[in-house]
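I opened the file to see how the chain is put together. These are my notes, in the order I looked things up.

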Amino acid sequence: GASLITKERDRFEQAIREYDGDRERAAHSLGMSRATFFRRAKELGLVKERKVRSNTILSAHTEFNDLR
C-alpha cells in the first residue's frame, strides 16, 4: 500500500487543486490553519521557493508547484 506520506501528499494535492491554489480554503478543508498547511505542504515538496529581485531588494517568494 501507499505510505502515510504519499497519502498525505495526495490529500494536500487534491485540496490544492479543488480550491484552485487557495491555501486558506485548502487548509480549512483539511482542518488546519493556513500556516500549518503551508509548512506541511513545503515539507511534502508541494511548494517551491524562488527568489525574485525587485528594484534593489531581494525577497524570497514561495509558490505552490503547478497542480492545476
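Predicted model: local features only at pLDDT ≥ 70, side-chain atom pairs only at ≥ 80, totals over all residues.

**Entry 1: Ala26 and its neighbours.** I began with Ala26 and listed what it touches beyond four places in sequence: Ala15, Ile16, Tyr19 and Phe37. Ala26 lies in helix α2. Ala26 has 0% relative accessibility, so it counts as buried. I also took one distance.

**Entry 2: the core.** I asked which residues have the most contacts inside the largest nonpolar core. They are Phe12, Ala26, Leu30, Phe37, Ala41 and Leu46, in a core of 13 residues. Helices α1 (4-18), α2 (23-29) and α3 (34-43) each give this core at least two residues. I then looked up Leu30. Leaving out residues up to four places away in sequence, Leu30 touches Arg11, Phe12, Ala15 and Phe37. Phe37 turns up in the list for Ala26 and again in the list for Leu30. Ala15 is likewise listed for Ala26 and for Leu30.

**Entry 3: helix α1.** I compared its length with what 1.5 Å a residue predicts. The 15 residues of α1 should span 21 Å, and the end C-alpha atoms are 21 Å apart, so the two agree. Then I asked which residues of α1 are buried. Phe12, Glu13, Ala15 and Ile16 are. These residues cover an arc of only 165° around the axis, so they sit on the same side of α1. An α-helix has 3.6 residues a turn, so residues three or four places apart point the same way.

**Entry 4: Arg9 and Glu13.** The side chains of Glu13 and Arg9 form a salt bridge, at 2.5 Å from N to O. Arg9 and Glu13 are 4 residues apart in α1, which means about one helical turn separates them.

Entry 5: I moved on to Glu43. Its side chain meets that of Arg40 in a salt bridge of 2.8 Å, N to O. It also meets the side chain of Arg39, at 3.9 Å, N to O. Arg39 and Glu43 both lie in α3, 4 residues apart, about one turn of the helix. Arg40 and Glu43 also both lie in α3, 3 residues apart, again about one turn. Salt bridges with shared partners join Glu8, Arg39, Arg40 and Glu43 into one network. Arg39 is partly exposed, at a relative accessible area of 47%. Arg40 is partly exposed as well, at 22%.

**Entry 6: Asp20.** I checked the backbone past the end of α1. Just after α1, Asp20 takes a positive phi of about 50°. This is a positive value in a residue other than glycine. Where does Asp20 sit? Its place is in the loop between α1 and α2. Asp20 is exposed, with a relative accessible area of 54%.

**Entry 7: the whole chain.** I finished with the overall layout. The chain has 3 helices and 2 strands. From the N terminus on, the elements run α-α-α-β-β. Of its 68 residues, 24% count as buried. Among contacts between residues at least 6 apart in sequence, 34% join residues at least 24 apart.

**Entry 8: confidence.** The average pLDDT of the chain is 81, and 69% of the residues score at least 70. Where is confidence lowest in the chain? It is lowest in strand β2 (residues 57-64), at a mean of 54. Confidence is highest in α2, at 94. Ala26, where these notes began, lies in that helix.

Note on methods. Residues numbered from 1 in each chain as written. Heavy atoms only, no water. Core = buried A, V, L, I, M, F, W, Y, C linked by side-chain atoms within 4.5 Å. Buried < 20%, exposed > 50% of the residue type's maximum accessible area, 1.4 Å probe, protein only. Contact = heavy atoms within 4.5 Å. pLDDT = per-residue confidence, 0-100. Expected span 1.5 Å × (residues − 1). Arc of directions from axis to C-beta. Salt bridge = Lys/Arg side-chain N within 4 Å of Asp/Glu carboxyl O.
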